[in-house]
Amino acid sequence: MKKLAIIYILLPVLLIMLFPGCLKKEVIDVPEPISPIIDEVVISTSTEENMPVWPEQIYTEEDYAGWKTYVNEKLGYKIQYPADWTINSCDEGCTSKEVIINPPDAEMFTSYISISLESRNIEGIRSVYLNPDYYDGRPDTESEIIFSGLKSFNYINGIVKNARSIFIENYTNNKMFLVSAEKDNNPKVLQILASFEFIN
């Protein structure tokens with residue numbers, strides 16, 4: 001009986017010694033989980049709540065006392081300007097329907113303020129304004145602003161100081177407008193531009 005017990009105890013030990021590989025656990029290399037590769041996408045976080053308003057200054061009705069108002073009913077906008085400033089409009093003969101507002105002492109070939117229709121969409125506008133080939137390696141700087149209460153695309157000229165172009169879409173008549181200022185540091189220009197308003 002004792003011999004049989006010894007055999008039962010020694011038998012597994014002998015088997016382990018003779019066939020050690022049988023008891024080894026097979027280790028399988030499991031690769032790390034593969035995380036999907038996601039291309040980095042730049043998403044504009046600009047919202048109308050955090051966009052800067054331009055012009056920044058707020059004007060009252062008293063600030064516009066004695067000023068004239070230009071109303072373009074066909075295109076649906078109005079703008080105020082000092083009584084001694086001039087309006088040159090190309091409403092009928094021009095496809096752009098350009099309106100230029102200048103002071104009496106305006107420099108030659110300078111449009112202090114111009115308003116016109118824009119035929120390009122924003123991609124076409126960017127292809128020109130942000131292209132260094134058009135501006136001797138100094139393209140405009142683009143930003144989004146609130147102009148006349150609406151989200152607009154603002155371009156600061158890379159060559160001409162104090163010149164900017166604002167592209168604003170009027171969703172009421174589905175037209176893109178270009179509002180340009182060659183003297184955006186002039187206090188009167190800022191006040192005029194602050195009065196620009198779309199009308200129904």
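## Surface and overall make-up

The accessible surface of the protein comes to about 14,100 Å², and 56% of that area belongs to carbon and sulfur atoms (Shrake-Rupley method, 1.4 Å probe). This is a predicted model, in which local features need pLDDT of at least 70 and side-chain atom pairs count only at pLDDT 80 or more, while totals for chains, interfaces and linings use all residues. Residues are numbered from 1 along each chain as its sequence is written, and side-chain values use heavy atoms, with hydrogens and water left out.

Three helices and ten strands make up the secondary structure (DSSP runs, H or I of at least four residues for helices and E of at least two for strands, numbered from the N terminus). From the N terminus on, the order of elements is α-β-β-β-β-β-α-β-β-β-β-α-β. Of the 200 residues in the protein, 32% are buried (under 20% relative accessible area, with exposed over 50% and partly exposed in between; 1.4 Å probe, protein chains only). Among contacts (heavy atoms within 4.5 Å) between residues at least 6 apart in sequence, 43% join residues at least 24 apart.

## Salt bridges

The structure holds five salt bridges, each defined as a side-chain nitrogen of Lys or Arg within 4 Å of a carboxyl oxygen of Asp or Glu. One of them joins glutamate 118 to arginine 120, with the closest N and O atoms 2.6 Å apart; glutamate 118 is buried at 13% relative accessible area, whereas arginine 120 is partly exposed at 29%. Another links glutamate 144 and lysine 151 at 3.9 Å, N to O, and here lysine 151 is partly exposed, with 34% relative accessibility.

Arginine 164 and aspartate 184 also meet in a salt bridge, at 2.9 Å from N to O. Because arginine 164 lies in strand 8 (residues 164–170) and aspartate 184 in the loop between strand 9 (175–181) and helix 3 (187–194), this pair ties together parts that are 20 residues apart in sequence. Arginine 164 is buried at 13% relative accessibility, and aspartate 184 is buried at 11%.

## Aromatic rings

The charged end of arginine 164 sits over the ring of tryptophan 54, 3.9 Å from its centre (NZ of Lys or CZ of Arg within 6 Å of the ring centre and within 35 degrees of the ring normal).

The structure holds twelve aromatic pairs (centres of Phe, Tyr or six-membered Trp rings within 6.5 Å; planes under 30 degrees apart stacked, over 60 edge-to-face, the rest tilted). The rings of tyrosine 77 and phenylalanine 177 have centres 5.9 Å apart and planes at 80°, so this pair is edge-to-face. Tyrosine 77 lies in strand 2 (residues 77–81) and phenylalanine 177 in strand 9, so the pair ties together parts 100 residues apart in sequence.
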